[in-house]
Amino acid sequence: MEPIRISYFSDVLCIWAYIAQIRLDELAANFPDQVAIDYHFFPVFGNAHEKLEKSWRDRGGLRGYSNHVHTVAAKFPHITVHPDIWVVNTPTSATSCHLFLNAIQLLEIKGLIPKSEKLFEKANWEFRRAFFVETADVSDRKVQFQIAEKLGIAIADLQAQIDSGEAYALLSRDFELIREKTVSVSPTMIFNEGRQRLNGNVGYRVIEANIRELLNNPEDEHSWC
């Protein structure tokens, strides 16, 4: 039986995607051969400074948004957030992160790094951890290189994916999918050929129920979940 494919869209700087990572890990642990996750990037913070300065200008600016993030994070004890998140070393753009992660993804696709080591997924988490826990400016290429070196990924190979334009092409494909599938929230899960969609802060049991419904129904039978 082919695994259920989930298209997962998120922004690496999104607090809700950071919170949701534990649910993805649980899904992979409980359905190792029955679920396959296709990762895509959705640029909530493509222009982070301008976005936050405009939307939080009358609510305390970056410090106000930082306080908001802490209010959200306080409800989820499984994550850690630095006291000065979004105030110190504020990233300029999540797009820089996504491009670099796409380069890692390409190395897996091409077989230049083993898929079994799940380095693309590990890199996703390392970017989030570096930002939310250490307030590292993960949009800075120097920081990105440090994360790659930590994971044992050759910098020259990554740079080649970016220099060739292939990483940009992969990122552009995500933009096209966002339009095609009308994605508007990070994170978003789309599966069952687009008939089922879970947006934002969705609990694990809800995700699991949707997956089990698909697994327990024959292909030619409608799902009534």
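**View 1. The largest pocket of the predicted model has a volume of about 760 Å³.** A pocket is an open set of points, on a 1 Å grid over the protein atoms alone, with protein on both sides within 12 Å along at least five of seven lines, and lining residues have an atom within 4 Å of a point; a volume is the space filled by probe spheres set on the points, which are joined across faces, edges and corners. Of the 26 residues that line this pocket, I37, Y39, E108, K118 and E121 are the closest to its centre. Helix 1 (15-30), strand 2 (35-41), helix 4 (94-109) and helix 5 (119-134) each contribute at least two lining residues, and strand 2 gives the largest share, with six. Helices (H or I, at least four residues) and strands (E, at least two) are DSSP runs numbered from the N terminus.

This is a predicted model, in which local features need pLDDT of at least 70 and side-chain atom pairs count only at pLDDT 80 or more, while totals for chains, interfaces and linings use all residues. Residues are numbered from 1 along each chain as its sequence is written, and side-chain values use heavy atoms, with hydrogens and water left out.

**View 2. The largest cavity holds about 80 Å³ of space.** A cavity is a set of grid points where a 1.4 Å probe fits but cannot get out, and a search of the whole structure finds two of 30 Å³ or more. The lining of the largest cavity includes Y8, A20, R23 and L24, as well as P187, T188 and M189. Helix 1 and strand 3 (188-191) each supply at least two of the lining residues, the largest share, three residues, coming from helix 1.

**View 3. The second largest cavity holds about 40 Å³ of space.** Its lining is made up of Y8, S10, Q21, L24, Y39, E121, N124 and R128. Strand 1 (4-10), helix 1 and helix 5 each give two or more residues to this lining, and the largest share, three residues, comes from helix 5.

**View 4. Helix 6 (residues 141-150) packs with helix 7 (residues 155-163) at an angle of about 130°, their axes lying 10 Å apart.** Axes are lines fitted to C-alpha atoms, for helices over the stretch in contact, and angles run from 0 to 180 degrees between N-to-C directions. R141, F145, A148 and E149 in helix 6 meet I155, L158, Q159 and I162 in helix 7, where contact means heavy atoms within 4.5 Å.
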